[in-house]
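I opened the notebook to look up a few things in this model. My notes follow in the order I took them.

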Amino acid sequence: MKNRLKVLRAERDWSQAELAARLDVSRQAVNAIETGKHDPSLPLAFRIARLFDMAIEEVFDDGENR
């Protein structure tokens, strides 16, 4: 699943470790989500979207055309 996590994090000048701390996950988890190696759980996706004050669809793209 594609996502904008790396861009959103960079816009705020947060390291992966800082974002991980804000989400209560490991830095490795953030890296895996950013690189597309792992999709976040639904609760984590909601936490990410809320942290950036965005809808989930604005952060994550499942590739489905509407």
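**Entry 1: a salt bridge**

I started with Glu-34 and Arg-9, whose side chains meet in a salt bridge, 2.5 Å from N to O. I noted that the model is predicted. Glu-34 sits in helix α3 and Arg-9 in helix α1, so the pair ties together parts that are 25 residues apart in sequence. Are these two residues buried or exposed? Both Glu-34 and Arg-9 are buried.

I then looked at Arg-9 by itself. Helix α1, where Arg-9 lies, covers residues 5–11. The relative accessibility of Arg-9 is 11%, and the cut-off for buried is under 20%, so Arg-9 counts as buried. What does Arg-9 touch, leaving out residues up to four places away in sequence? I listed Trp-14, Ser-15, Gln-16, Leu-19, Glu-34 and Phe-52.

I looked up Arg-12 and Glu-11, which form a salt bridge with their closest N and O atoms 3.6 Å apart. Arg-12 is partly exposed, at 33% relative accessible area. Glu-11 has 54% relative accessibility and so counts as exposed.

**Entry 2: helix α3**

I went back to helix α3 and asked which of its residues are buried. They are Val-30, Ala-32, Ile-33 and Glu-34. What do they pack against? I found β1 (2–3), α1, α2, α4 and β2 (60–61).

Asn-31 also lies in α3. Its relative accessibility is 26%, so Asn-31 counts as partly exposed. I checked the spacing between Asn-31 and Gln-16, which are 15 residues apart along the chain. Their C-alpha atoms are separated by 6.9 Å.

Just after α3 I came to Gly-36, which takes a positive phi of about 80°.

Most residues other than glycine have a negative phi. I therefore wrote down the next two residues with that general rule in mind.

Asp-24 has a positive phi of about 60°, although it is not a glycine. Where is Asp-24 found? It is in the loop between α2 (16–23) and α3 (27–34). At 70% relative accessibility, Asp-24 counts as exposed.

Asp-53 is not a glycine either, and has a positive phi of about 55°. I placed Asp-53 in the loop between α4 (42–51) and α5. Asp-53 is exposed, with a relative accessible area of 72%.

With 41% relative accessibility, Glu-58 counts as partly exposed.

I finished with helix α4, where I looked up Leu-44 and Ala-49.

Leu-44 is buried, with a relative accessible area of 9%. Leaving aside neighbours within four places in sequence, I found Leu-44 in contact with Leu-23, Val-25 and Ile-33. Ile-33 is one of the buried residues of α3. I also checked Leu-44 against Asn-3, 41 residues apart along the chain. Their C-alpha atoms are separated by 13 Å.

Is Ala-49 buried or exposed? Its relative accessibility is 3%, so Ala-49 counts as buried. Which residues does Ala-49 touch, not counting those up to four places away in sequence? I noted Met-54, Ala-55, Ile-56 and Val-59. Last, I looked up Ala-49 and Ala-10, which are 39 residues apart along the chain. The separation of their C-alpha atoms is 15 Å.

Definitions and conventions. Residues numbered from 1 in each chain as written. Heavy atoms only, no water. Buried < 20%, exposed > 50% of the residue type's maximum accessible area, 1.4 Å probe, protein only. Helix = DSSP H or I, 4+ residues; strand = E, 2+ residues; numbered from the N terminus. Contact = heavy atoms within 4.5 Å. Salt bridge = Lys/Arg side-chain N within 4 Å of Asp/Glu carboxyl O.
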